[in-house]
Amino acid sequence: MSTKTVAFAGNAFITTASAGASEVINDNGLANWNNASTITSAYFRMASAGSVTIGLNAYLAGSNNSTVKVTVNGTAFTVQLAGTTPKTYPVGTVNVAAQGYVKVDLQGVTKDGAYFGYVSGLSVTTASAINFANDPANYYWSRRGPSVHMTYTVPANSEYFYNEVTVPVRQDAVGSYFMVAGFDGGYSGIQVKENQRWVIFSVWDADNGQKTTLVSKGAGVVDNSFGGEGTGGQAYLVFNWVAGNTYKFITRIRPDGAGSTLYSAWFFAPESNTWRYLATWKRPSTTAYQSGTYSFLENFIDTKGYTGRRVLFGNQWARNVNGTWSELTAARYTGDATASNAQRMDYAGGVDSGRFYLRNGGFFADYVSLNQNFTRAATGQKPTVDVGTLPTQ
């Protein structure tokens with residue numbers, strides 16, 4: 001048996017809260033816990049079945065006594081908190097039937113003051129090896145959850161890349177970015193914002209810092225400066241795409257002959273049966289065709305890191321400068337540091353019914369090891385599009 005501390009700062013979320021609730025997870029754990037309807041959930045992964053004993057590392061402030069309910073994988077315990085000195089309150093022992101994540105829910109029952117308590121983490125005692133986020137410098141990333149990627153093998157001098165994306169029904173959680181068509185220097189895909197859905201197309205500035213500039217954009221497309229992975233240009237279209245539908249993307253990358261490279265993107269919506277033009281960006285001091293071509297799945301809102309999402313990418317093709325289409329049936333599955341450093345182990349990828357798939361979040365049990373090569377069955381169905389007639393406005 002060994003005992004480890006699972007810090008709420010990197011492993012817990014407010015999973016149920018009414019409008020205006022004040023509870024937060026901060027660097028010290030659960031704070032401002034004053035609402036009896038709020039549920040906070042913490043997670044850790046057991047590598048094997050077995051018993052686990054849970055304790056609550058907590059103290060009171062603004063109250064002298066409180067009663068809280070702690071539910072471990074569905075088994076509820078009542079815990080009495082008292083006093084302002086931080087300590088470990090025994091919760092109970094449960095038997096875990098199989099390897100995978102254990103979910104621990106906290107909910108307030110009674111209190112004689114303003115707050116149910118401040119909770120810094122869980123004390124976890126078990127004979128099983130356990131995994132949880134244990135790198136405080138990267139708790140923001142571990143709470144966002146692991147990102148996973150599929151990188152495609154694209155022939156040299158490929159000018160166009162084509163990909164199809166389907167987000168299964170109920171897999172479109174807020175905070176999701178289903179990145180469909182990425183490349184060295186940028187990407188394009190669909191996102192779920194808090195109150196909108198976007199189709200985006202971003203290109204970073206040149207490696208020497210020279211600015212990427214907008215050449216043109218499609219109707220209804222918004223362009224603005226872009227931050228995050230770097231600076232550059234971002235164009236987005238507010239579009240209420242629907243889970244379960246299949247959308248198509250085309251990117252075009254070609255040198256302009258004057259020392260810069262032009263990057264263009266289009267998006268096909270089955271609802272209108274038309275290709276929509278997103279934008280063309282000019283990246284200076286760059287001479288490139290398609291390279292580093294890939295797709296990925298991520299959650300970009302750290303407070304939503306407990307939600308799960310899944311995506312399918314199918315029928316990838318590349319078109320070279322001579323106009324020849326080639327089907328891309330090979331992909332390499334990788335993950336970010338959150339995954340590779342085992343800060344989170346709820347990620348997966350592979351082939352599903354002839355399409356590549358990626359999955360992350362939700363603290364599911366059956367993760368798929370990173371750094372694998374996958375091959376899907378060829379469709380032989382090259383894109384039914386005349387790239388010469390794609391709209392440019």
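**Figure 1. Surface and overall build of the protein.** The accessible surface comes to about 16,000 Å². Carbon and sulfur atoms hold 46% of that area. The model is predicted. The C-alpha trace spans about 75 × 40 × 40 Å along its principal axes. The chain has 393 residues, and 53% of them count as buried. The protein contains 3 helices and 30 strands. Among contacts with a separation of 6 or more, 72% link residues 24 or more positions apart.

Figure 2. The domain assignment gives domain 1 as residues 3-132 and domain 2 as residues 143-375. Domain 1 supplies 14 residues to the contact, and domain 2 supplies 14 residues. The centres of the two domains, taken over C-alpha atoms, lie 37 Å apart.

Figure 3. UniProt lists residues 6-127 as "domain: DUF5077", in an unreviewed entry.

**Figure 4. Strand E29 and its two partners.** Strand E29 covers residues 355-360 and pairs with strand E25, residues 309-320. These two strands run antiparallel and are joined by 5 bridges. Strand E28, residues 347-352, also runs antiparallel to E29, with 6 bridges between them. Which residue of E29 stands opposite Val 311? It is Leu 358. Leu 358 is also the bridge partner of Gly 349.

**Figure 5. The turn between E28 and E29.** The two strands form a hairpin with 2 residues between them. Ser 353 takes a positive phi in this hairpin, near 50 degrees.

**Figure 6. A salt bridge between Arg 143 and Asp 302.** The structure holds 12 salt bridges. One of them joins the side chains of Arg 143 and Asp 302, at 3.3 Å from N to O. Arg 143 lies in helix H2, residues 139-144, and Asp 302 lies in the loop between strand E24 (294-299) and E25, so the pair ties together parts 159 residues apart in sequence. Are the two residues buried or exposed? Arg 143 is buried, with a relative accessible area of 6%. Asp 302 counts as partly exposed because its relative accessibility is 22%.

Figure 7. Arg 344 forms a salt bridge with Asp 346. Their closest N and O atoms are 2.8 Å apart. Arg 344 has 3% relative accessibility, so it counts as buried. Asp 346 has 0% relative accessibility and also counts as buried. Side chains of opposite charge can pair when their charged atoms come close.

Figure 8. Strand E29 spans residues 355-360. The side chains of Arg 359 and Asp 366 meet in a salt bridge, with N and O 3.8 Å apart. Asp 366 counts as exposed because its relative accessibility is 52%, where the cut-off for exposed is over 50%.

Methods: Residues numbered from 1 in each chain as written. Predicted model: local features only at pLDDT ≥ 70, side-chain atom pairs only at ≥ 80, totals over all residues. Heavy atoms only, no water. Pairing = 2+ DSSP bridges. Helix = DSSP H or I, 4+ residues; strand = E, 2+ residues; numbered from the N terminus. UniProt positions renumbered as here; feature names shortened; annotations may be inferred. Salt bridge = Lys/Arg side-chain N within 4 Å of Asp/Glu carboxyl O. Buried < 20%, exposed > 50% of the residue type's maximum accessible area, 1.4 Å probe, protein only. Contact = heavy atoms within 4.5 Å. Areas by Shrake-Rupley, 256 points an atom, 1.4 Å probe, with all protein chains shown as cover. Domains from an automatic or database assignment.
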